[in-house]
Amino acid sequence: MISQSSGSDANSSRIWGPLCCNCGRATTLAKSWTNDNPGRRFFKCVVHGFAKWADEERPYGWQKVSLLEARDEIKVLKESVKAMNVSGSNSTSHDLVNKHEQEKKKLESEVMAANEREKMLKQFILLSWGGFIVVIAMILVIGKN
Ligand SMILES: [Zn+2]
């Protein structure tokens, strides 16, 4: 299940995705904050909601846990800010939320960098295995002759 994003991100520019499979409307890039897929981007149709994942890989491990913690922390803060606004405006609480938004963004970029590193490592392992297999194959061919 994909939650309808409650707090729309005003800062992010609209990124258009592929057409919706159900109605053919253009989709926009949105971010999921569900327990299963925190921080995972997807293409969203105005009518059907979720259309397609933009990030192929699912969030996992400590990165997922960190993102969920950041999400819940921000949720709590936003709610406390709302409560404060009702009982009288308080500018410092806004600064606090902004600070946490920045921390969240920083966390996201760190997660992306970690994913990049892992991809490179996977490729490296794949390449070394490829080289190993070639060497073995060569030894076998030479041995037969
Ligand atoms: Zn649609």
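What percentage of the 145 residues of the chain count as buried? In this predicted model, the figure is 12%, where buried takes 20 or more other C-beta atoms within 10 Å of a residue's own, with C-beta atoms placed from the backbone. Local features need pLDDT of at least 70 and side-chain atom pairs count only at pLDDT 80 or more, while totals for chains, interfaces and linings use all residues. Residues are numbered from 1 along each chain as its sequence is written.

**Fold**
- The chain has 2 helices and 4 strands, defined as DSSP runs numbered from the N terminus (helices H or I, at least four residues; strands E, at least two).
- Their order from the N terminus is β-β-β-β-α-α.
- Of the contacts (C-beta atoms within 7 Å, placed from the backbone) between residues at least 6 apart in sequence, 42% link residues at least 24 apart.

**Hairpin**
- Strands β1 (residues 16–19) and β2 (residues 26–33) pair antiparallel over 2 bridges; pairing requires at least two DSSP bridges.
- W16 has T28 in β2 as its bridge partner.
- The β1–β2 hairpin has 6 residues between its strands, and G24 in the turn has a positive phi of about 75°.

**Nonpolar core**
- The largest nonpolar core consists of 6 residues: C20, A30, F42, F43, C45 and A51. Such a core is a set of buried Ala, Val, Leu, Ile, Met, Phe, Trp, Tyr and Cys residues joined through C-beta atoms within 7 Å.
- Strand β3 (residues 38–45) contributes the most to this core, with 3 residues.

**Annotated segment**
- An unreviewed UniProt entry annotates residues 124–143 as "transmembrane region"; such annotations may be inferred rather than shown by experiment.
- Residues 124–143 are 100% helix and 0% strand, with end C-alpha atoms 29 Å apart.

Conventions
Two residues are in contact if their C-beta atoms, placed from the backbone, lie within 7 Å.
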